[in-house]
Amino acid sequence: MFSLQIVDTDAFLDMPQTAQLLYFHLSMRADDDGFINNPKSIMRNVKCSDDDLKILAMKKFIIPFESGVVVIKHWKIHNYIRSDRYKETKYKGELNILNLDE
């Protein structure tokens, strides 16, 4: 799911369309906690540039980790998963670095 609360903002819509496209593709391939372990592969597959990934990070739509893993910052706003369907991420180290805002 995608929340209009995020994708209808000026900050999102002011980004190049290729950065917006990359955001949607990253989100579609994220695990149930919003983590993606192959953002550069996805970027190449959808014909986006390194700059698009950098824009998403600079505008704080994704959070990159030194491991190469990225997380969708607003994942919990976009997605609500019932506890009986939820599968915890295997990227525990990166998850523990994050602080969730209420």
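Biologist: How many residues does helix 3 have, and how far does helix 3 reach from its first C-alpha to its last?

Modeller: Helix 3 has 13 residues and spans 19 Å between those two atoms, close to the 18 Å expected at 1.5 Å a residue. That expected span is 1.5 Å times one less than the number of residues. Helices here are DSSP runs of H or I with at least four residues, strands are runs of E with at least two, and both are numbered from the N terminus.

Biologist: What should I know about the model itself?

Modeller: This is a predicted model, where local features need pLDDT of at least 70 and side-chain atom pairs count only at pLDDT 80 or more, while totals for chains, interfaces and linings use all residues. Residues are numbered from 1 along each chain as its sequence is written, and side-chain values use heavy atoms, with hydrogens and water left out.

Biologist: Okay, which residues of helix 3 are buried?

Modeller: Ala19, Gln20, Leu22, Tyr23, Leu26 and Ser27 are the buried ones. Buried means under 20% relative accessible area, exposed is over 50%, and partly exposed is in between (1.4 Å probe, protein chains only).

Biologist: Where do they sit around the axis of helix 3?

Modeller: They cover an arc of only 160 degrees, so they are on the same side of helix 3. The arc is taken from the directions from the helix axis to the C-beta atoms. On the other side, Gln17 and Met28 are exposed.

Biologist: Which residues have the most contacts inside the largest nonpolar core?

Modeller: Leu22, Tyr23, Leu26 and Leu56, in a core of 22 residues. Such a core is a set of buried Ala, Val, Leu, Ile, Met, Phe, Trp, Tyr and Cys residues joined through side-chain atoms within 4.5 Å. Helix 3 gives the most to this core, with four residues.

Biologist: New topic: how many aromatic pairs does a search of the whole structure find?

Modeller: Eight. In one of them, the rings of phenylalanine 2 and phenylalanine 24 have centres 4.8 Å apart and planes at 85 degrees, so the pair is edge-to-face. Rings of Phe, Tyr and Trp (its six-membered ring) pair if their centres lie within 6.5 Å; planes under 30 degrees apart are stacked, over 60 edge-to-face, and the rest tilted.

Biologist: And salt bridges, how many turn up?

Modeller: One. Glutamate 88 pairs with lysine 92, their closest N and O atoms being 3.4 Å apart. The rule is a side-chain nitrogen of Lys or Arg within 4 Å of a carboxyl oxygen of Asp or Glu.
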